[in-house]
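Please study the sequence and the model shown here.

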Amino acid sequence: MKKSNKIFTTITALLLLITGCTDEFLTREPQGQFSTAGLATEEGVEGILIGAYKMVNGLGLDDQAPWNNDVQNWVFGGIPSDDALKGTDAGDQPEQSFIEAYDFQSFNGHITNKWRGLYKGVARANDAITSAQNVEDLDEARKAQIIAEARFLRGFFHFEARKMWRMPPYISDDVYDINDVESTKVPNDREIWPLIEADFEAAAAALPDTQAEVGRPTKWAAKAFLAKAKMFQGWDSSGSANVGKLTEAKALLDEIVGTGRYSLVPKFEDNFLVNTRNNAESIFEVQYAVNSANGDATNQGIGLAHPYIDPWGCCGFYQASQNLVNAYKTSGGLPLLDDFDATDVTWETEYTGTLDPRIDHTLGRPGILYKGFKIYQTDFVRDLSYAGPYFSMKHVAEPDAFGVGGWGNLSANNYRIMRYDMILLWLAEAEVELGNLERARGLVNEIRTRASNPADFVPKAIQGADRGDFTIVPGEAAANYEISLYNTPWTDQATARKAVRFETRLEFAMEGHRFFDLQRWGVASQVLTAYLASEKNDRQYLAGKTFTANKNEYYPIPIQAIDRSFKDGVPTLTQDPAY
């Protein structure tokens, strides 16, 4: 198993010198802060850069709950989508309930802390850039690498902000001054996508093809995020394609595919296990670490989103929707693109219809072995009558990696934020809009070929005498799995578009992307309005909830940020007019 804290192993000694810590950086929270002047050395700049990396997982904020700013975006990209429900019970974390109901308020603490965390990351990246530029004893080659990594991180933080808010500010190292709190009070009066692209372009030009330490971005990670930025500009709010941006994205995606550096791992499940981190499919992962003494560098931002039964025992958040479960139905091995939600996959009795096998690597449902722990039943959820019988799964560590340090929910199960399957499906999206339907079909079939690997099917398990006991039935799958390739040529663009987007949902469900995918495609209102109309029949608390078009695609700028942006008696930040 690869160690997720390799990113900083070569400079651990430097950090010990700077901070006086007794453990590795990734397994200890920083206990204090140091001025840039005090760190104006080669060792100091390396430490400042690590401080910027620390913000990637969203856990570097004081006085916040870790899930407020979690990089996996289960709160902001999962719960308000048609994939997921807040889960647990009605009274726990009411701020998430407001998000689930599309009641986005500028004083919601989760939204506020997301802003705080991302812009603290921007500040640390800018600090690393300016410090590297000003330290005299820093080797020029290393200086260039530090700046490139910091620009990648600055692009990443601004990218995440641009997904959340329609018009967030961009803060560059030209204006940033760590000794002047007024320096970051810049107006949000321009589109920041070009500036995000410039950061990733600069990073790609300077970063190496490979890195000795996992967790540091490569040239190809930068190009992948640059392509993703262009894909987010690929459609306008009405859903019309921006062919120019998609053409630019296609060139980058083709280049990444053409390197031959990345490949789909044989088993879909291997993208969600601790023991298979940093594999051949991984382009950039958010690295987590855990040991028996400390869990500070774990995936604690998603700690609440674990089953309510032992061995987790808390806290039942982030349940899967009936709509998502229904999406995995197949007919002749293919998805039901138009009427998948017409009837429900049942859970009170065994469902005997055909299903895409990815369903049982994506969510827990009654009667199916849950990630090797035990057979899933409704005792996994906190309140069956509230959020139903299904539960999230991908981020949960397997039994071998459970309970390494303290609270068992915390693990080193990395978040694979940039994978090769994403590259293939983005390329398929672009090819559809550019009229290359058969190329798109071939790309989707690559994904489906991997998903059809019978060695990756969840096995059938029979309940034993004790709740945690089960017996595997050799050679028998847990459900009636059936998945086929698209063997008929694609000739209709609208149908091809629907098929690619449906595949994207099946492949990446419950990973925090769905809400933002609907946003970038310009179809959020259409899809989520239909979802609410259907899901309320199973989850009665959703009755009366509405998604407001041209508003709820983005979140409001936190009122705290606006109040703190005053300069010369006038706020530099302006609220989204939709709010």
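The questions and answers below concern local features of this model.

Student: What kind of model is this, and how are its residues numbered?

Tutor: This is a predicted model, in which local features need pLDDT of at least 70 and side-chain atom pairs count only at pLDDT 80 or more, while totals for chains, interfaces and linings use all residues. Side-chain values use heavy atoms, without hydrogens and water, and residues are numbered from 1 along each chain as its sequence is written.

Student: How many disulfides are found in the whole structure?

Tutor: A disulfide is a pair of cysteine sulfur atoms within 2.5 Å. The sulfur atoms of Cys314 and Cys315 are 1.4 Å apart and form a disulfide. A search of the whole structure gives a count of one.

Student: Is the disulfide of Cys314 and Cys315 right-handed or left-handed?

Tutor: The handedness follows from the torsion about the S-S bond. That torsion is about 45°, so the disulfide of Cys314 and Cys315 is right-handed.

Student: Where is Cys315, and is Cys315 buried or exposed?

Tutor: Helices (H or I, at least four residues) and strands (E, at least two) are DSSP runs, numbered from the N terminus. Cys315 lies in the loop between E2 and E3, and a cis peptide bond with omega of about 5° joins Cys314 to Cys315. Buried means under 20% relative accessible area, exposed over 50%, and partly exposed in between (1.4 Å probe, protein chains only). Because the relative accessibility of Cys315 is 9%, Cys315 is buried.

Student: Which residue is joined to Asp310 by a cis peptide bond?

Tutor: The omega of this bond is about 10°.

Student: In E10, which residue is the bridge partner of Val286?

Tutor: Two strands pair if DSSP finds at least two bridges between them. Strand E2 (residues 282–286) has five of its five residues buried. E2 pairs with strand E10 (residues 415–419) in the antiparallel sense over three bridges. In E10, the bridge partner of Val286 is Tyr415.

Student: How far apart are the end C-alpha atoms of helix H13?

Tutor: The expected span of a helix is 1.5 Å times one less than its number of residues. Helix H13 (residues 420–433) has 14 residues and should therefore span 20 Å. This agrees with the separation of its end C-alpha atoms, which is 20 Å.

Student: Are H6 and H7 roughly parallel or roughly antiparallel?

Tutor: Axes are lines fitted to C-alpha atoms, for helices over the stretch in contact, and angles run from 0 to 180 degrees between N-to-C directions. Helix H6 (residues 140–164) and helix H7 (residues 193–206) pack with axes 8 Å apart, at an angle of about 150°. Angles under 35 degrees count as roughly parallel, over 145 as roughly antiparallel, 65 to 115 as roughly perpendicular and the rest as oblique. H6 and H7 are therefore roughly antiparallel.

Student: Is Tyr318 buried or exposed?

Tutor: Tyr318 is found in strand E3. Its phi is near 70°, a positive value in a residue other than glycine. With a relative accessible area of 1%, Tyr318 is buried.

Student: What is the relative accessible area of Lys371?

Tutor: Lys371 is in the loop between strand E7 (369–370) and strand E8 (374–375). Although Lys371 is not a glycine, its phi is positive, about 50°. Lys371 is buried, and its relative accessible area is 9%.
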